[in-house]
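Hello,

I am handing over the structure below. My notes on it follow, for a first look.

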Amino acid sequence: ATTVGKHVYAVIAYNAAGTSKKSNEVSITIIGVASIPYTADLTDQDTFDLFTVIDNNSDGNTWTWYNTSKGARYSYSEEENADDYLITLPVSLEAGKNYKVTVAAANSYAGWYTENMEVLVGKTATAAGLTQTVIEDTEVDDDEFTDFAGTFSVSESGNYYVAIHCTSEADQSSLYVKTLAIEEEVPATIAVGIEHAGYATFSSTYAIDFTAATDMKVYTVSVTADGDITFNEIQKVPANTGVLLVNENGEEPLDAVEVPVIDNDDADEVEDNALVAVSTAIASLPTEDADGKNYILNGGSQGVGFYRAAGQSVAAGKAFLRMSPTESRMFIGLGIDETATAITQLAKNDALSQHQQVYDLQGRLVASRSGEQGARSENSLVEGEEGNLSPLTTHLSPLKKGIYIINGKKIAIK
């Protein structure tokens, strides 16, 4: 990749006859979007020239490049308090990640005069656009360069600007800044829990190892061209991968546990996962888009499962299910086989208990019984092998012989 900054080049021609003399050197400056990790050495004037300087009070005293040992300098006004910004190039940041900013600063006459600064971040290189504080207004009280650091995250991915804002009072002296660095700060663990009904979706911008989280199982979802669904158990989840969390203790909330962050290279390989990770909150998830039909995990008339999206919001750190553009189901059940060691035999005339649901091995709801005998909605009808079955089904008799999932267990219907 091309490095942002000043570049010097010359041309030398080669052919069978020999080599030409080197041409005159030409300097070009490439201004673009910087990536993380990013370090600006302000003792280099070419680096300083890439920064935006704002003299916000228009007093003529502001940031300038000083020299190769001290870097950038703000020089005081006798009458005006400082209100001057030194702003980086745009830097590409990702939602859900933590970043650390470190500024090496010094006070030219510490002990005699007071210098102050704060560090801000925002989406535009303007005083009004720098809306997030990374380092609170603080005094720089040493004439030796000292590191000042702060951490922050952003709510949506994109390009951001980081600024050093000099706020010294009038008639002080000089504030120097030698370097500014931005790096990702990777947490050791992330808290993961299940808030409702024993199920939750989850995603993270970091790779996560669920091996020690023995009270929950973790699944990706694969879908065939025919719409058959398989829940695939996984433990080491790659970054930006949507998963379904299942409470091993039943349909109840599970307190958050600290799950270790791992290197993405150590995560399990995932292919064709139909659960889409959400790194930036979605205000309104459409029913369908160019990529297919969208479903959100919810509780409704047919129990907990994936219901066709209808403009609901989806929080960052969650996931939604994306099916084929031709998918017709309004509801997709959680037919997860978690106990395959034994298959219970039931007869067709056996009754379904209240709220019990029956899924085929592809996760499709094929029969259920609701405790409420209320009005049916469009979502009350689910297409199974025997046609449309409503939540008012009370016995297993509509089902063909075969193996189904009832309450998370394999059941053979005779």
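Strands here are DSSP runs of at least two residues, numbered from the N terminus. By that count, Lys-21 sits in the loop that joins strand S3 (18-19) to strand S4 (26-30). Please keep in mind that the model is predicted.

Lys-21 has a relative accessibility of 77%, and exposed means over 50%, so Lys-21 counts as exposed. Its C-alpha atom is 8.5 Å from that of Val-11, a residue 10 positions away along the chain.

Glu-115 belongs to strand S12 (residues 115-122). Glu-115 is buried, and it forms no salt bridge. The nearest side chain of opposite charge is that of Arg-73, at 9.8 Å. What the side chain of Glu-115 does reach is the backbone nitrogen of Ser-174, at 3.1 Å.

The last item is the second largest pocket, which holds about 410 Å³ of space. S27 gives the most, with four residues. The lining has 16 residues in total, and those nearest the centre of the pocket are His-196, Thr-201, Leu-297, Asn-298 and Lys-318. By type, the lining residues of this pocket are nine nonpolar, five polar and two charged.

Regards

Key
Residues numbered from 1 in each chain as written. Predicted model: local features only at pLDDT ≥ 70, side-chain atom pairs only at ≥ 80, totals over all residues. Heavy atoms only, no water. 1 Å grid on protein atoms, 1.4 Å probe; cavity = no way out; pocket = protein on both sides within 12 Å on 5 of 7 lines; lining within 4 Å. Points joined across faces, edges and corners; volume = space filled by probe spheres on them. Nonpolar A, V, L, I, M, F, W, Y, C, P; charged D, E, K, R; others polar. Buried < 20%, exposed > 50% of the residue type's maximum accessible area, 1.4 Å probe, protein only. Lys, Arg positive; Asp, Glu negative; His and termini not counted. Salt bridge = Lys/Arg side-chain N within 4 Å of Asp/Glu carboxyl O. Polar contact = N/O pair within 3.5 Å; in protein donor to acceptor, adjacent residues only side chain to side chain.
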